Every structure is written in structure tokens, then in C-alpha cells.
Amino acid sequence: MTAVLIFLDHAGASLAKSERELLSLAGSLGDVSVALAGDAEQTYLDGIGSYGVQECYRPEGDVTQVLVAGKAAFVTDAVRAAGADVVLLGNSYEAKEIAARAAIRLEAGVITDVVSLDDELTATKADFAGSYTVTCRVTTDVAVLTVKPNSFEAVEAGAPVSPREVRIPVDAEPAAAHITGRVDKPVSGRPELSEARVVVAGGRGVEGNFGPLEELADALGGAVGASRAATDAGWIEHSAQVGQTGKTVSPQLYVSVGISGAVQQRAGMQTSKVIVAINKDADSPIFEIADFGIVGDLFAVLPQATDEIRKR
Ligand code: FAD
């Protein structure tokens, strides 16, 4: 039986959607244990247990104050303690760095950006800004994989059960850098961009006014994203950027508003299930990949769309 270890780095009361996806994927591959860095509330631990996780490895001491080095050491030690064959992580920049560092320590192969995985651990991922779809498999004993959100179904959990907690000493190297403070993200009440089922993203065409996009996003229960032109202009925070140098999203619905559809933007959103483009230029490249397109002024189209959706 394959032994799968998931690295989770969360401190909330409940599991995030991407975490439920990881737990569901892991459960389909074999026996699952979790390496959990940082604090977690009891409801969170119960949530992990409800996916059949028997063991939850926790570090002795705090590995969260030394950037990624401590977490990478913790993952490595947890993999050894669990005898894991497969290690699954999320797909954030930090998770990818932890994956790379842990893979070096474990002399394991690593695949990032996984969007599908079969029983033989053959993975699919996009490369070169989405220009190629690559099929690949790790050939070492341990496989380290980072998994894109929205790529796997999150199955229903069972009854809440607390997994057995196993504290492990972490063989971390002396840290070269320590975290001295954190800036909390402002709470928007919207879903996390990379996990949202609906994303409404704006580009240079919004001319600094994201208000109509936020209204539509709220009517659809979605998140707000942006092109680099919009984030570079300072109209919205950089964490909202979608694309090659921003976040990769794969929602059920991506509404692209006033975005031309450059290849670097596509790299972050072209795997969306349905793409709706609103652009006043009928020749804009975004229409090449859109499932539905509206040629028109976004400031006229968006309020009408939001009104119609609110009526339903
Ligand atoms: P534009 O290309 O200027 O397009 C604006 C669009 O809005 C036009 O199509 C226009 O017709 C339309 N429009 C204007 N007014 C209206 C209106 N009133 N109603 C409707 N439509 C309107 N870009 C990203 O997005 N993400 C990345 O991660 C990223 N990474 C990059 C990495 C590198 C190394 C490089 C070189 C570039 C990267 N870029 C990235 C930039 C990318 O090449 C484009 O420059 C950028 O995506 C353009 O943003 P835009 O579509 O918002 O702006």
C-alpha cells in the first residue's frame, strides 16, 4: 500500500478547499498521514481525521519562524517517520520551495504544478507558460508533488475524528534568517483567489476602477483577480495578479474584464473551465480562448450583468 504524507501549513478553524482536495487525492492513492506545521485548532485536527488520516506529525518546537528552511526540515523528518512514498504539498511559491528543499534532503524527484495523477503516479502539468502539457513520473523511491488547487475533486468527509498526534524532533540547520513580523492580509470576505470557483479579473481596461468587478464578484460569490498591468499600476494588490508571474487559477468560471489576453496572462488562467471575456476590442486575443465573449464597454456591460444575476 502506498504511504502518502501531506504537508499542511494552516492555522484556521477549518480545512481550506485546496486542503480537502489534497486529502481526497491522497486517500485515493493509499494510506494518508499529515505533517502539520504551526498551531491548529481542534476543529481543524478533527477535519483532518474525518478524511481517514490516522497520524498527524507535529514538530517539536516552532518551525514557522525561520522562513522555509525549518518547514523543509520538518517535512523531511516527517517523511522518514511515516515511511512515506509520496509527499503532497500545495502549489504556493512557499510550498514549491519547501518541496524542492525537502526533495534534495530526501534525494527524491519533485514535480510541481500537478493537475492530474493516475494510480501509477504519472502526473500531468503545464510548462512554458502553458505552451506544453507534460506527462511525467518521478523515478526515485519517494515522489514529492505540489498540486494545483481546483485540479482534483474534494470528496465528502466522514465524521470528525482526531488523528493520533506524533511529535517529532526536527533536524533543522541553524537558520540564516528569522521572521520578525507578519502583515495580516485585509479581510475581504471573498474566497481565496487560487481556490475560488468564480474569478472576476480586471486589466488595464478598468482604468483603476475595480468597483464594478467587485460587485459582479460578490453577486457570484467569487474572488477578484487582475492582470499585471492592473497590479503594476497599483490599482489592486499584487497578490491579486493572475498569470505567469502571478497566481495560477483554475476556477469553474473566469470572467476576464478589460484584459487583452497576453500569453503571460493566459498562463495563469487558461485551464479555467469556462472563460467569459468582456472587451471593447473584437480583435483582442482573449477572444481566442474565451468560451463566451461580449464585445463592449465593461462599464456598460458589468452593471447590467450584475443586476441580472442578482435578480435570479
Ligand atoms: P492591455 O494589454 O493594455 O489590455 C487592456 C485591454 O482592455 C485591451 O484589450 C482593451 O481593448 C481593453 N479595454 C480597454 N478599455 C476597455 C473598456 N472600457 N471596456 C472593455 N475593454 C476595454 N501579465 C499578466 O497579466 N500576468 C502575469 O503574470 C504577467 N507576467 C509577465 C511576465 C513577464 C516576464 C512579462 C514580460 C510580462 C508579463 N505580463 C503579465 C504582462 C503581459 O505581457 C501584458 O502586458 C499584460 O497582461 C497586459 O495586461 P492587460 O491585458 O490588462 O492590458
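Two strands count as paired here if DSSP finds at least two bridges between them. Hi everyone, let's keep that rule in mind as we walk through this one.

A quick word on the model itself. It is predicted, with local features needing pLDDT of at least 70 and side-chain atom pairs counting only at pLDDT 80 or more, while totals for chains, interfaces and linings use all residues. Residues are numbered from 1 along each chain as its sequence is written, and side-chain values use heavy atoms, leaving out hydrogens and water. For the labels, helices (H or I, at least four residues) and strands (E, at least two) are DSSP runs, numbered from the N terminus.

Let's start with the sheet that contains E14 and E15. Five strands make up this open sheet, in the order E12-E11-E13-E14-E15, and the pairing is parallel. Which strands sit at its edges? They are E12 and E15, the latter covering 292-295, and each of them pairs on one side only. Neighbouring strands in this sheet are turned by 15° against each other on average, with direction ignored. For angles in general, axes are lines fitted to C-alpha atoms, for helices over the stretch in contact, and the values run from 0 to 180 degrees between N-to-C directions.

E14, residues 274-279, runs parallel to E15 and is joined to it by four bridges, with Val276 standing opposite Phe292 in E15. Over at E12, the partner is E11 (residues 198-202), again parallel and over four bridges, and there Gly202 faces Ala226.

Is E12 buried or exposed on its two faces? Both faces are covered: Ala223 and Gly225 on one side, Val224 and Ala226 on the other, are all buried. Buried means under 20% relative accessible area, exposed means over 50%, and partly exposed is in between, using a 1.4 Å probe and protein chains only. As a reminder, side chains in a regular strand alternate between the two faces of the sheet.

Next, the helices on this sheet. E11, H5 (residues 211-220) and E12 form a right-handed β-α-β unit; right-handed means that, with the strands pointing away from the viewer, the path from the first strand over the helix to the second runs clockwise. H5 lies across E11, E12 and E13, at about 175° to E11. H9 lies across E13, E14 and E15, at about 135° to E14.

How do these two helices meet each other? The axes of H5 and H9 (residues 298-311) come within 9 Å and cross at roughly 20°. That makes H5 roughly parallel to H9, since angles under 35 degrees count as roughly parallel, over 145 as roughly antiparallel, 65 to 115 as roughly perpendicular and the rest as oblique. The crossing is left-handed, which means that the near helix is turned anticlockwise from the far one by less than a right angle, whereas clockwise would be right-handed. Among the residues that meet are Leu213, Leu216 and Leu220 from H5, and Phe299, Leu302 and Ile309 from H9. Contact means heavy atoms within 4.5 Å.

On to the other sheet. Here seven strands form an open sheet in the order E5-E9-E4-E1-E2-E3-E10, with parallel pairing. E5 (109-114) and E10 (164-168) are at the edges with a single partner strand each, so one side of each has no neighbour in the sheet. The twist averages 25° from one strand to the next.

Inside this sheet, E4 (residues 86-89) and E9 (residues 143-147) run parallel and are joined by four bridges, and Val86 is opposite Ala143. H1, residues 17-29, packs on the sheet and touches E1, E2, E4 and E9, with its direction at about 170° to that of E1. H4, residues 93-106, packs on the sheet too, touching E1, E4, E5 and E9, and makes about 175° with E9.

H2 (residues 42-49) is mostly covered, with six of its eight residues buried. Those buried residues, including Tyr44, Leu45 and Ile48, pack against E1, H1, E2 and E3.

Last, two backbone details for anyone who likes checking torsions. Leu121 has a phi near 65°, positive although the residue is not glycine; Leu121 is in the loop between E6 and E7 and is partly exposed, at 22% relative accessible area. Asn150 has a positive phi of about 70° and is not a glycine either. Asn150 belongs to the loop between E9 and E10 and is buried, at 13%.

Thanks, and I'm happy to go back to any of these.
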